[in-house]
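This briefing goes through one structure by topic. Please have the sequence and the coordinates open while reading.

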Amino acid sequence: MRRLDFYHLLAKAVNKCFGKKLYAAVRADFTYAKDNLLTKNSAPFLRDQFFLRAYSEGKKTDKDRFLKGVDIEWRIHTLCWAADYAKQLDGDFVECGTRTGFFAKSIIEYLGAEAFAKRFVLIDSFQGVIPEFLSDNEKLRESKGVKSDDIWSKIYNQVKEQFSSHDRVEVYKGVIPEVLENIEFGQISFLSLDLNNAYAERKALDYIWPYLQLGGIIVLDDYGYPGFEEQQKMHDEFARSHNTSVLCLPTCQGIIIKTE
Ligand SMILES: C[S@@+](CC[C@H](N)C(=O)[O-])C[C@H]1O[C@@H](n2cnc3c(N)ncnc32)[C@H](O)[C@@H]1O
């Protein structure tokens with residue numbers, strides 16, 4: 001009997017006997033098994049060389065290994081898809097929570113860096129989360145990844161340098177919500193929201209919503225991530241208050257489309 005057949009039979013037996021509590025599977029059958037996502041469903045973007053190149057350019061920005069080497073292709077696929085959809089609408093792209101620009105760089109490369117014509121507003125404190133804005137749970141969670149001022153200053157300089165050849169990419173250093181008042185917004189068609197903090201994200205959503213085009217799209221990075229439940233609750237309340245709801249993706253992201 002081939003080795004793989006043996007493992008399949010073993011998995012079948014385990015599932016039959018212990019299936020209510022356990023799920024055994026053979027690694028080779030998964031199309032994706034990282035970033036908390038395990039699936040056998042098809043993931044064609046993993047064979048798309050254009051996407052993979054954009055992803056790799058984004059990943060290169062993670063110089064301080066924030067993601068500790070974990071790949072997040074499926075999340076980046078969602079963002080690239082949403083940006084590709086939004087580029088057909090009038091309005092700018094905005095990101096609240098840019099860090100080293102992994103998401104933004106991947107999106108720009110995916111849409112074609114040479115021809116990238118959208119205004120893309122990138123906003124970050126470049127000092128991490130703001131302690132006064134955090135709940136006790138968030139404080140505990142975020143206390144693990146604190147970076148020195150020196151590292152943040154390097155990240156800020158890296159991001160400015162990274163996007164300096166794109167006239168329409170603007171990098172803003174400042175704390176959300178205050179910094180939003182200093183930015184001139186026009187219509188917005190795409191918002192990537194990734195602040196790891198329910199309070200600041202709610203403020204950003206309230207501020208940006210009136211600028212969001214009908215059909216405009218919001219990608220919530222932390223919607224379903226374990227330990228980020230306060231954000232999920234707030235995202236749901238926000239969406240409900242605007243007569244819509246959040247599409248929950250297995251990547252942990254959430255999607256809101258403005259329909260009225
Ligand atoms: C998870 S990281 C974002 C990762 C990023 N989307 C990427 O492409 O790699 C969260 C970022 O939010 C920023 N941040 C958190 N709270 C903020 C606030 N109130 N105002 C501005 N930036 C904030 C942090 O400095 C951090 O860079």
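The model is predicted. A ligand is surrounded by 21 residues, and the protein covers 95% of the 600 Å² of accessible area that the ligand has on its own. The structure holds zero disulfides.

**Ligand site**

- Among the 21 residues that surround the ligand, the closest are Gly-97, Phe-103, Asp-124, Ile-176 and Asp-194.
- The side chain of Asp-124 has an N or O atom 2.6 Å from an oxygen atom of the ligand.
- Ser-125 takes part through its backbone, where an N or O atom lies 2.9 Å from a ligand nitrogen.
- Ile-176 also has a backbone N or O atom by a nitrogen atom of the ligand, at 2.8 Å.

**Backbone geometry**

- Most residues other than glycine have a negative phi, and most peptide bonds are trans.
- Ile-176, one of the residues closest to the ligand, is joined to Pro-177 by a cis peptide bond with omega of about 20°.
- Pro-177 belongs to the loop between β5 (169-173) and β6 (188-193).
- Arg-99 is not a glycine, yet its phi is positive, at about 50°.
- The loop between β3 (92-96) and α4 (102-111) contains Arg-99, which counts as buried because its relative accessibility is 12%, under the 20% limit.
- Phe-126, likewise a residue other than glycine, has a positive phi near 50°.
- Phe-126 sits in the loop between β4 (120-124) and α5 (136-142) and is buried, with a relative accessible area of 3%.

**Thr-244**

- Thr-244 is located in the loop between α8 (229-241) and β8 (247-248).
- The relative accessible area of Thr-244 is 18%, so this residue falls under the 20% cut-off and counts as buried.
- Leaving aside residues up to four places away in sequence, Thr-244 touches Ala-239, Ile-256 and Ile-257.

**Cysteines**

- A disulfide is a covalent bond between the sulfur atoms of two cysteines.
- Cys-17 is exposed, with a relative accessibility of 59%.

Definitions and conventions. Residues are numbered from 1 along each chain as its sequence is written. This is a predicted model: local features need pLDDT of at least 70, side-chain atom pairs count only at pLDDT 80 or more; totals for chains, interfaces and linings use all residues. Side-chain values use heavy atoms; hydrogens and water are left out. A residue is near a molecule or strand if one of its heavy atoms lies within 4 Å of it. A polar contact is a pair of N or O atoms within 3.5 Å; within protein, one must be able to donate a hydrogen and the other to accept it, and residues adjacent in sequence count only if both atoms are side-chain atoms. Accessible areas come from the Shrake-Rupley method with a 1.4 Å probe; for residues, only the protein chains shown count as cover. Helices (H or I, at least four residues) and strands (E, at least two) are DSSP runs, numbered from the N terminus. Buried means under 20% relative accessible area, exposed over 50%, partly exposed in between (1.4 Å probe, protein chains only). Contact means heavy atoms within 4.5 Å. A disulfide is a pair of cysteine sulfur atoms within 2.5 Å.
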